[in-house]
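Work through the exercises below with the sequence and the model open. Try each task before reading its solution.

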Amino acid sequence: MASAASSTRPPRVPRAFRVGSLGWGRRSPRRSGRASTPPPVASAARGPHAVRVPLPASGPLAPPADVRAAVDRWPWRGGLEPCGDRPFAPIPPEAITGEIPSDLRGTLYRVGPGRCRVGATRYAHWFDGDGQIFAFAFGDDGRVSAGAKMVRTDRFVAQEGSGAPDRIAVRGAWTQASSPLQNLGRFPTNPGNTAPMAHAGKLFALCEGGGPIEIDRETLDTIGPHAFEGEKLPMGFSAHAKKDPRDGTLYTWGLAAPPAIGVVAAKIDARGTVLKTAPLPLPPFAFTLIHDCAMSENYLAFIVPPWTLEPGAGMVGALSGAASFGHAFEWRGDERGATLIVLRKSDLGVVVGPHEIHAMSTYHFAGAHEDPSDPEDPSDPSDPLDAKKTLKIWVNVLIGSRPNLEARFANMYDAEWAPDGYNLLAEYAVNLEDGTLESRDLLVPRASDADVEAAAATATSAFAFDGQLPMEFPVAAAGGDASGGSGPPRFVYTLGFSGRGGGYFDAVQRLDVSNPRGPHHARLMPPGVFPSEVAFVPKRRKDEEKAEKREEEGYLVYLEYDASRHASDVVVLDAGDVAGAEIARVALPFHVPHTFHGEFEPSER
Ligand SMILES: [Fe+2]
């Protein structure tokens, strides 16, 4: 319940629960606790999408025959393959097409699984892949440099030192070590594979399976686990820790240290001191996976899907080490809903929840913002929290079933993707006074079949849609006037899946939230090209021009994996014209294995 509620007012009657007023789209198939048969999808790329990927035929990066065959079927899978360590080095000018903008200065960091197999042995989940950090520097002199290095986690070092190239040496969250003795009594290890984070003057590789791992900015070498000062942090540290743009305060959360079971939130100041920790109000004795949350000016909002590990034989096996930890999670959406929790940032106090809402699955959020109170329902103007009555949470909602999604993640080399493996971006409105979920609507409607079919007929180009493509990796620009205002952003940028035949992400789309029915714009990749999550980098303007700065005045910087040359490009687009001509492209001399998340750190000048 809302702690800021006034006791003298009658409770509000929640507005009608709206589903589909903007077109919630096609209904999801019934979800069950186990992976069900997914809808039929193509078994291989065809026509122009059947790109031959020039994987190395020999040497340490040459794939085993089964991987070669898997990549032959779907070229996007070439981006799962390792690239090895690539020392940070200048890129020759002839690799640049277009012109690097003079106000784009800084470094793009990306983190992802740098390898999904050890020799010929595949990890049992994409999220178990050993982490790698990639950096691309836009130098002050206009020159660019790039490099990538494996994160030397404890488990990576142990694996490399094991002398058994095809055996898993260390227990991962999903993947058991090849030797049972290496599993029993051991908690899963941290692969450091999910996101970079710059904080308190340091650079880290993050993964919720453990604490932050410090990385040397200059060399990308691994310095090692980092312990922040102050209160003791939980064992886990979210890869989606949220930094308040106003004061640099960082909010994170993670699994409590065993043998405790639970999730603990934490608040860390800009200098790296842990100010406070507080447990999230979740059911005891059950493991949950809280991958992301939504931060507004005053709140942190969590929506926890009913994907849990609960007491029983599965938990005994997972905790003892006798069986996989991650594969013991089950979908409980037939029994219960998702859990909504809202914390106050100031003291990590619980404002809403735990409140059960409908069963849904999500991995990512695109932020949250607070609506002021209704003028006819005056609040206490002296209380900044009481003046905000509705929290609007922008959340990805999985189209299909979570078990089916996890089954794909568990075997990416054989995964085949269809819209049910992606999401639609929705807005959930939470009444902070009584804790109810007042409404949930798609942020913009789902793109019509006609639009998608028209896109399918287009080999490569820009496209204006009447809705959103199935999506992942939402990135919102700063809201309001783009100068730190707290209003909702107008635009959200995501990766999209058009279903044109590439079998994986094949679009970057810009959704205009202020105009739900569109048009929205998508940039469609040529066959054999697969984008990664974009970074939104605000343009730099002279001070006198700031008042006129518009939200879309920024660059989108992202990686494209080009299967036809098994190499990646760094691409710069104008965020205001994602479907227009690209501003610059830099061809890298290596490919960057598909990454999860990134951060652009502007240079100081
Ligand atoms: Fe994520």
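Buried means under 20% relative accessible area, exposed over 50%, and partly exposed in between (1.4 Å probe, protein chains only). This is a predicted model: local features need pLDDT of at least 70, side-chain atom pairs count only at pLDDT 80 or more, and totals for chains, interfaces and linings use all residues. Residues are numbered from 1 along each chain as its sequence is written, and side-chain values use heavy atoms, with hydrogens and water left out.

**Exercise 1.** Classify lysine 149 by accessibility, then find its salt-bridge partner.

Solution.
- Lysine 149 has 15% relative accessibility, so it counts as buried.
- A salt bridge is a side-chain nitrogen of Lys or Arg within 4 Å of a carboxyl oxygen of Asp or Glu.
- The partner of lysine 149 is aspartate 221, with the closest N and O atoms 2.8 Å apart.
- The pair links distant parts of the chain, 72 residues apart: lysine 149 is in strand S7 (residues 144-150), aspartate 221 in the loop between strand S10 (213-215) and strand S11 (222-225).
- Strands (E, at least two residues) and helices (H or I, at least four) are DSSP runs, numbered from the N terminus.
- Aspartate 221 is partly exposed, because its relative accessibility is 37%.

**Exercise 2.** Which parts of the chain does the pair of arginine 115 and glutamate 160 tie together?

Solution.
- The two side chains meet in a salt bridge (2.9 Å, N to O).
- Arginine 115 sits in strand S3 (residues 106-115) and glutamate 160 in helix H2 (residues 154-160), so the pair ties together parts 45 residues apart in sequence.
- Arginine 115 is buried, at 12% relative accessibility.
- Glutamate 160 is partly exposed, at 47%.

**Exercise 3.** Describe the site of the iron ion.

Solution.
- Donors are N, O and S atoms within 2.8 Å of the metal (3.2 Å for Na, K and Ca); water is not among the atoms, so sites may look incomplete.
- The protein donors are His240 (NE2), His291 (NE2), His364 (NE2) and His597 (NE2), 2.0 to 2.1 Å from the iron ion.
- Their spacing along the chain is H-x50-H-x72-H-x232-H.
- Histidine 364 lies in the loop between strand S23 (350-356) and strand S24 (365-372), histidine 597 in strand S38 (residues 597-602), so the pair ties together parts 233 residues apart in sequence.
- Both histidine 364 and histidine 597 are buried.

**Exercise 4.** How many salt bridges does the structure hold?

Solution.
- The structure holds 38 salt bridges.
- One of them joins the side chains of aspartate 420 and arginine 408 (3.1 Å, N to O).
- Both aspartate 420 and arginine 408 are buried.

How values were computed:
Tetrahedral: all angles 85-135°; square planar, octahedral: opposite > 155°, others 65-115°.
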